[in-house]
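User: Hi, I'm new to reading structures and would like to go through one slowly. Could you take my questions as they come?

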Amino acid sequence: TITLNAHVYLWRQCEVLHNMRVLTQLSALQWLRPPTHSLAQCLHTKAHSTLVLSSTVNKVTTLTLNHPAKCNSWSVPMLDLLYHKMEVCAKDDNTKVIILTGADPYYSSGGDISGYMKLQHPKKFHSMIVENNYKMFNTFISFPKPILIAANGPAIGGAVTSAALCDGILASERATFLTPFSRMCVPPEGCSSATFPRIMGEDAANKMLKDCQTVCAEEAKDIGLVMEVVEHDKLMQAAQAVAEEWVVKHKTRKMIGGGSKDEYSELNAKESVAVADAFLSYQFLNAQFSFLWGKGKLSNAFIFWILKTLRPLWRKVLK
């Protein structure tokens, strides 16, 4: 039940939105547009240029997700920079293997949905989610060289499913793995509906994808998701050693659970549509509202309250 104070807050927010003429845009059903961050902006803005760090040693390039204050969440600028650096690595003859890790304490908390909370027409939003979700995971699927994940801490959502599309995962003793999709009222993404059962079996996959259980590093090793668990302070040293061994052995790209790039690319396309459909569902909008309201993030919660409340009106334009 929303309290009287909440009603007052929401009413004041409506007044602010009205003064900004946002309600006019809402009536035209324009909402949720991702901010525009060109690659040039990402590269030339000091704060953005350090979101993904890179270094190359002995033909092994380490990419470090570097926004620890936000748990290395995949913001739009971070993803743009990551795509760019992976594209450079794919073409670089001096890079034979890449290591992907995070700045402590998190590996990555996954996608940052708040970065997409701008005004846009629902159909365009649906298309945008399909395109962005597909690009996110296809970047991993199509990458031509071996990828080693050095999971230095908690990994959540897409950070886990994308790791399962790589060649191997080394985990710090501090690492955990969580895929809270059903809790968020969205289907599995990142081809996890196929990779998880192949890697760890149906029971373990269901525990992660349906029951949203957090898996510690040792359990992740037991179920086959992780190659080895190492002391936290020795993680990068161990990852460099494994990657250099892959270079010497001329290792070719092979995803942990097997399967072909064509198969996963096709599955990724289907899952991306399902994810976009779910993002427009009442269940998802209500879950996001409840989560953000409980966290005290009232401005963001208010957007989802508007969307779920007006859904009977704007859903008609999706048919």
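User: Which residue is the bridge partner of A155 in β7?

Analyst: The bridge partner of A155 in β7 is F177. Please keep in mind that this is a predicted model. Strand β5 and strand β7, which covers residues 176-178, run parallel and are joined by two bridges.

User: What is the strand order in that open sheet of three strands?

Analyst: The order is β5-β7-β8, and the pairing in this open sheet is mixed. The edges are taken by β5 (155-156) and β8 (215-216), each of which has a single partner strand, so one side of each has no neighbour in the sheet.

User: And what about the open sheet of six strands, what order does it have?

Analyst: That sheet is also described as open with mixed pairing, and its order is β1-β2-β3-β4-β6-β9. Here β1 (52-57) and β9 (228-230) stand at the edges with a single partner strand each, so one side of each is left without a neighbour in the sheet. From one strand to the next, the twist averages 20°.

User: How many bridges join β1 to β2, and are the two parallel or antiparallel?

Analyst: There are six bridges between β1 and β2, and the two strands run antiparallel. In general, strands of a sheet pair through backbone hydrogen bonds, in either a parallel or an antiparallel way.

User: What sits between β1 and β2 in the hairpin?

Analyst: The hairpin has two residues between the strands, and N58 takes a positive phi near 55° there. K59, which is found in the loop between β1 and β2, has a positive phi of about 65° although it is not a glycine.

User: In which sense do β4 and β6 pair?

Analyst: Strand β4 (residues 147-151) and strand β6 (residues 168-172) pair in the parallel sense, over four bridges, and A151 has A171 as its bridge partner in β6.

User: Which helix packs on the sheet and touches β9?

Analyst: Helix α11 (residues 235-248) does, touching β1, β2, β3, β4, β6 and β9, and its direction makes about 170° with that of β4. Helix α5 (residues 76-91) lies across β1, β2 (60-65), β3 (97-102) and β4, and runs at about 180° to β2.

User: Changing topic, where is the peptide bond that is cis?

Analyst: The cis peptide bond goes from D104 to P105, with omega near 10°, and P105 is found in the loop between β3 and α6 (122-141).

User: Now helices. At what angle do α13 and α14 cross?

Analyst: The axes of helix α13 (residues 282-294) and helix α14 (residues 298-309) cross at roughly 155° and come within 8 Å. That angle makes α13 roughly antiparallel to α14, and the crossing of the two is left-handed.

User: Which residues of α13 and α14 meet?

Analyst: On the α13 side they are Y282, F284, L285, N286, Q288, F289, L292 and W293, which meet L298, N300, A301, F304, W305, L307 and K308 in α14. Sorted by class, this contact has eleven nonpolar, three polar and one charged residues.

User: How many aromatic pairs does a search of the whole structure find?

Analyst: The search finds five aromatic pairs. One of them is F284 with F304, whose ring centres are 6.4 Å apart and whose planes are at 75°, so the pair is edge-to-face. This pair links distant parts of the chain, since F284 belongs to helix α13 and F304 to helix α14, 20 residues apart.

User: And how far apart are the axes of α8 and α12?

Analyst: The axes of helix α8 (residues 192-200) and helix α12 (residues 261-279) are 9 Å apart, and these helices pack at an angle of about 125°; they are therefore oblique to each other. In this contact S192, S193, A194, T195 and R198 in α8 meet E263, Y264, L267 and E271 in α12, and the residues divide into three nonpolar, three polar and three charged.

User: Is the crossing of α8 and α9 left-handed or right-handed?

Analyst: α8 passes α9 in a right-handed crossing. The axes of α8 and helix α9 (residues 202-209) come within 7 Å and cross at roughly 135°, and the two helices are therefore oblique to each other.

Terms used. Residues numbered from 1 in each chain as written. Predicted model: local features only at pLDDT ≥ 70, side-chain atom pairs only at ≥ 80, totals over all residues. Heavy atoms only, no water. Axes fitted to C-alpha atoms, helices over the stretch in contact; angles between N-to-C directions. Parallel < 35°, antiparallel > 145°, perpendicular 65-115°, else oblique. Left-handed = near helix turned anticlockwise from the far one by under 90°. Contact = heavy atoms within 4.5 Å. Nonpolar A, V, L, I, M, F, W, Y, C, P; charged D, E, K, R; others polar. Pairing = 2+ DSSP bridges. Phe/Tyr/Trp six-rings, centres within 6.5 Å; stacked < 30°, edge-to-face > 60°.
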